[in-house]
Amino acid sequence: MAELQALGTVELERIVHDAGLTFSDLVDLAKQSGDAAALLYRRLEEAGIDFKSIDPVVLRDMQRCCSLCDSKTQCAHELEDKPKTAGWPEYCPNRQTIDALSLMKCH
C-alpha cells in the first residue's frame, strides 16, 4: 500500500488501465499476500489444466478473481479434505473459466 501511495495520480491511472483493473481492485489486490492466488493453481492442477498453457490475459484475470475471493477458507478445506459434499464449484469466481478451459483441452 505504501508503494501505491507513493505513486502519483497519473502513474496510478496508468497501472489501473494497463492491468485492466478498477482502482478499487488495485487497492484490494495490494492488500493481499503474495500467494493470494495459490489456490487457483491447485484448482487448475486438479482439473488437469496446465496454467502455463493459459493465455496470460485470461490467467491474470483468474488470478485477480481468486485473490479477491471471499471463499478461500472453504476452497482450501475442500482441496485438502475432498469432502463428498463439497460446495465447489458453486462459490468459485473462476468456475466458468475453469469449465471452459477443461472443455477446450478435451478437443
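Author: This is a predicted model. Its largest cavity has a volume of about 100 Å³.

Reader: Which residues are closest to the centre of that cavity?

Author: Of the 13 lining residues, those closest to the centre are Leu39, Cys66, Cys69, Cys75 and Cys92.

Reader: And how many cavities of 30 Å³ or more are there in the whole structure?

Author: A search of the whole structure turns up one.

Reader: What classes of residue make up the lining of the largest cavity?

Author: Nine are nonpolar, two are polar and two are charged.

Reader: Which element gives the largest share of that lining?

Author: That is α4, with three residues. Both α4 and α6 supply at least two residues each.

Reader: Stay with α4. Which of its residues are buried?

Author: Helix α4 covers residues 38-46, and its buried residues are Leu39, Leu40, Arg43 and Leu44. Seen down the helix axis, these buried residues fall within an arc of 140°, so they line one face of α4.

Reader: What covers them?

Author: The cover includes α5 (56-68), α6 (72-81) and α7 (95-105).

Reader: What follows α4?

Author: Gly48 follows α4, and its phi is positive, near 75°.

Reader: Where else is there a positive phi, on a residue that is not a glycine?

Author: Lys82 has one, at about 45°. Most residues other than glycine have a negative phi. Lys82 sits in the loop between α6 and α7.

Reader: Is Lys82 buried or exposed?

Author: Lys82 counts as exposed because its relative accessibility is 54%, and the cut-off for exposed is over 50%.

Reader: Now the overall picture. How many helices and strands?

Author: The protein has seven helices and zero strands. Along the principal axes, its C-alpha atoms fill a box of roughly 50 × 30 × 20 Å.

Reader: What percentage of the residues is buried?

Author: Buried residues make up 30% of the 107 in the protein.

Reader: Last one, contacts. What share of those with a separation of 6 or more is between residues 24 or more positions apart?

Author: Such pairs account for 61% of those contacts.

Note on methods: Residues are numbered from 1 along each chain as its sequence is written. This is a predicted model: local features need pLDDT of at least 70, side-chain atom pairs count only at pLDDT 80 or more; totals for chains, interfaces and linings use all residues. Side-chain values use heavy atoms; hydrogens and water are left out. Buried means under 20% relative accessible area, exposed over 50%, partly exposed in between (1.4 Å probe, protein chains only). Helices (H or I, at least four residues) and strands (E, at least two) are DSSP runs, numbered from the N terminus. The arc is that of the directions from the helix axis to the C-beta atoms. Contact means heavy atoms within 4.5 Å. On a 1 Å grid over the protein atoms alone, a cavity is a set of points where a 1.4 Å probe fits but cannot get out, and a pocket is an open set with protein on both sides within 12 Å along at least five of seven lines; lining residues have an atom within 4 Å of a point. Grid points are joined across faces, edges and corners, and a volume is the space filled by probe spheres set on the points. Ala, Val, Leu, Ile, Met, Phe, Trp, Tyr, Cys and Pro count as nonpolar, Asp, Glu, Lys and Arg as charged, and the others, Gly among them, as polar.
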